[in-house]
Amino acid sequence: MKRRWTAALATVAAFGLVLTSAGPAPAASPITTAIYTADPAALVVGDTMYLHTGHDEAAGGGTNFVMRDWHVFSSTDASTFTDQGAKLSLSNFSWAGGDAWAGEVEPRGGKYYWYVPVNGRGAGWMDIGVAVGDSPLGPFTDAKGGPLISDSTPNSSPLNIDPTVFTDDDGQAYIYWGSYNGVRAAKLKPDMINLDGPVITPSGVSNFWEAPWMFKRNGTYYLAYAANDSGCSSPGYACIRYATASNPMGPWTHRGVVLDQVTSTTNHPAIIEFKGQWYMVYHNAAAPGGGNFRRSVTLDKLYWNADGTMQKVVQTTGPIGGGGGGGGQPPTGTNQALAATASTSYVSAWETLGAIKDGYVPTSSADHSHGAYGNWNHQGTEWIEYQWPTARSISKVATYWFDDNQGIDLPASCQVQYWNGSAYVNVPGQSGCGVGANTYNITTFTPVSTTRLRMNITSRTGYSTGVLEWMAL
């Protein structure tokens with residue numbers, strides 16, 4: 001089977017603009033800071049991962065999308081990505097009027113078909129067109145000369161956006177798309193630019209809003225999509241739910257949330273296997289100057305349960321690395337924790353508080369070989385603390401969380417505090433307290449001079465928390 005992967009709901013860049021390639025940028029947050037990117041579609045060809053993304057160009061403080069072209073990023077390690085430039089724009093479609101949103105590239109017969117939603121010049125709003133090229137980098141040209149799907153297509157979605165295309169083992173290709181709760185599906189003819197039969201409304205896709213992504217694993221079909229119901233996100237935000245089926249046209253069975261809401265109101269998934277590791281590719285507003293209309297593509301590792309369900313993706317804030325192991329190296333600088341006395345609100349009798357400052361580099365969050373701090377079976381907020389006999393200047397902490405895949409799990413949140421001489425107060429200018437697995441979560445803040453530093457750790461419902469290493473720099 002040819003594996004495919006897509007992410008939708010997009011944005012795009014300047015009319016006809018082609019940017020030169022900026023050098024490789026570290027993933028996972030984000031893949032680049034040179035431009036704002038959104039709605040990734042992921043494709044693996046040989047030993048290379050390609051991300052076809054939208055391009056956000058809204059000004060700071062803007063209140064609407066400004067999107068006029070699509071970029072292609074490439075990587076051979078899923079850790080550093082090179083911007084290959086804008087490879088498709090609105091100017092490639094003579095019938096397009098604006099709104100270059102989320103698309104996906106699907107290979108077939110040595111060609112690469114890029115399905116994109118644009119605002120057509122005819123009746124209605126969004127149409128879906130198709131461009132074709134000889135490689136994942138193009139050059140791409142309009143393959144049809146008009147929309148593949150429009151408001152005039154019988155049983156089309158209330159909003160025809162976010163196409164995802166999947167080719168099954170037998171060569172039959174399928175397209176899913178839609179928004180405003182209107183998911184739609186159809187077969188594609190072998191030419192990949194015409195529908196083959198009626199448009200259907202798949203059943204069982206609970207709480208669908210937009211941004212479908214379809215793929216197959218071990219004989220099971222998976223459909224991930226953005227949902228914005230109160231069961232998974234705050235008002236105005238989206239999470240990523242997913243469903244499974246034994247037939248590519250459904251019916252589907254809802255399985256749960258695989259990605260919680262992010263820092264942007266929109267969300268859009270692409271799920272892909274690359275060199276033996278699965279990834280969730282998505283966007284958020286975490287880049288400098290970012291926002292709901294200035295988003296940035298990122299990716300994190302995705303793991304599977306034995307029954308074929310997906311584990312919820314842990315959103316990280318630093319490089320994810322390309323291999324499978326996890327760990328990484330600690331940040332550079334003088335670790336003031338080594339000279340501190342550690343204390344805590346609670347530690348389990350069989351765990352070791354001193355492990356948090358023994359300088360050991362864990363191989364993963366499950367690495368218990370050198371001991372760990374854990375507070376099972378306490379839930380809610382617990383704390384760990386460092387104390388020095390004289391004041392130390394601290395501007396950064398790095399936390400490697402402990403997760404035993406049992407009663408101790410990654411925390412829901414954390415907060416760094418310092419002793420101001422009379423009370424504990426939050427450190428000023430905290431960058432955010434990461435809760436990612438298998439990595440050092442680095443939190444920066446305005447330097448403080450203090451004799452005590454504390455980390456408040458709030459657990460997820462039903463779990464306790466733990467720490468393998470806590471550095472103070």
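Biologist: What does the accessible surface of the chain come to, and what share belongs to carbon and sulfur atoms?
Modeller: The accessible surface of the chain comes to about 17400 Å². Carbon and sulfur atoms account for 49% of that area. Please note that this is a predicted model.

Biologist: And how many helices and strands are there in the chain?
Modeller: The chain contains 0 helices and 27 strands. As for its overall form, the radius of gyration is 24 Å, close to the 23 Å that the globule rule gives for 473 residues, so the chain is as compact as a globular protein of that length.

Biologist: What does the C-alpha trace span along its principal axes?
Modeller: The C-alpha trace of the chain spans about 75 × 45 × 40 Å along those axes.

Biologist: What percentage of the residues count as buried?
Modeller: Of the 473 residues in the chain, 56% count as buried.

Biologist: Take contacts between residues at least 6 apart in sequence: what percentage join residues at least 24 apart?
Modeller: Within that set of contacts in the chain, 63% join residues at least 24 apart.

Biologist: Now the charges: how many are positive, how many negative, and how far apart are their mean positions?
Modeller: The chain carries 27 positive and 35 negative charges.

Biologist: Let us turn to cysteines. How many disulfides does the count come to?
Modeller: The count comes to 2 disulfides. With bonded cysteines counted along the chain, their pattern is 1-2, 3-4.

Biologist: Which residue does Cys232 pair with, and what is the S to S distance?
Modeller: Cys232 is joined by a disulfide to Cys239, with an S to S distance of 2.0 Å. The link of Cys232 and Cys239 is left-handed, with -85° about the S-S bond.

Biologist: Cys232 first: buried or exposed?
Modeller: Cys232 counts as buried, at 12% relative accessibility.

Biologist: What about Cys414 and Cys433: how far apart are their sulfur atoms?
Modeller: Cys414 and Cys433 form a disulfide with their sulfur atoms 2.0 Å apart. The torsion about the S-S bond of this pair is about -115°, so the disulfide is left-handed.

Biologist: Where do Cys414 and Cys433 sit in the chain?
Modeller: Cys414 belongs to strand 24 (residues 413-419). Cys433 is in the loop between strand 25 (424-426) and strand 26 (441-458). The pair links distant parts of the chain, and the two residues are 19 residues apart.

Biologist: Why does Cys433 count as buried?
Modeller: Cys433 counts as buried because its relative accessibility is 16%, and the cut-off for buried is under 20% relative accessible area. Cys414 is also buried, with a relative accessible area of 9%.

Biologist: Moving to the backbone, which peptide bond involving Pro139 is cis?
Modeller: The peptide bond from Gly138 to Pro139 is cis, with omega near 5°. Pro139 lies in the loop between strand 9 (126-133) and strand 10 (141-142). A cis peptide bond also joins Gly250 and Pro251, with omega of about 5°. Pro251 is found in the loop between strand 16 (239-245) and strand 17 (253-259).

Biologist: Why single these out?
Modeller: Most peptide bonds are trans, and most residues other than glycine have a negative phi.

Biologist: On phi, then: what value does Asp162 have?
Modeller: Asp162 has a positive phi of about 60° although it is not a glycine. Asp162 is placed in the loop between strand 10 and strand 11, and it is buried, with a relative accessible area of 0%.

Biologist: And Lys275: buried or exposed?
Modeller: Lys275 counts as exposed, at 56% relative accessibility. Phi of Lys275 is near 55°, a positive value in a residue other than glycine. Lys275 is found in the loop between strand 18 (270-274) and strand 19 (277-284).

Biologist: A last topic: how far apart are Gly171 and Arg108 in sequence and in space?
Modeller: Gly171 and Arg108 are 63 residues apart in sequence and 9.0 Å apart in space, C-alpha to C-alpha. Gly171 is in the loop between strand 11 (164-167) and strand 12 (173-177), and at 24% relative accessibility it counts as partly exposed.

Biologist: Where is Tyr400, and how far is it from Ala173?
Modeller: Tyr400 is in strand 23 (residues 381-401), and it is buried, with a relative accessible area of 0%. Tyr400 and Ala173 are 227 residues apart in sequence and 44 Å apart in space, C-alpha to C-alpha.

Terms used
Residues numbered from 1 in each chain as written. Predicted model: local features only at pLDDT ≥ 70, side-chain atom pairs only at ≥ 80, totals over all residues. Heavy atoms only, no water. Helix = DSSP H or I, 4+ residues; strand = E, 2+ residues; numbered from the N terminus. Rg over C-alpha atoms; globule rule 2.2 N^0.38 Å. Buried < 20%, exposed > 50% of the residue type's maximum accessible area, 1.4 Å probe, protein only. Contact = heavy atoms within 4.5 Å. Areas by Shrake-Rupley, 256 points an atom, 1.4 Å probe, with all protein chains shown as cover. Lys, Arg positive; Asp, Glu negative; His and termini not counted. Charge placed at Lys NZ, Arg CZ, Asp CG, Glu CD. Disulfide = S-S within 2.5 Å.
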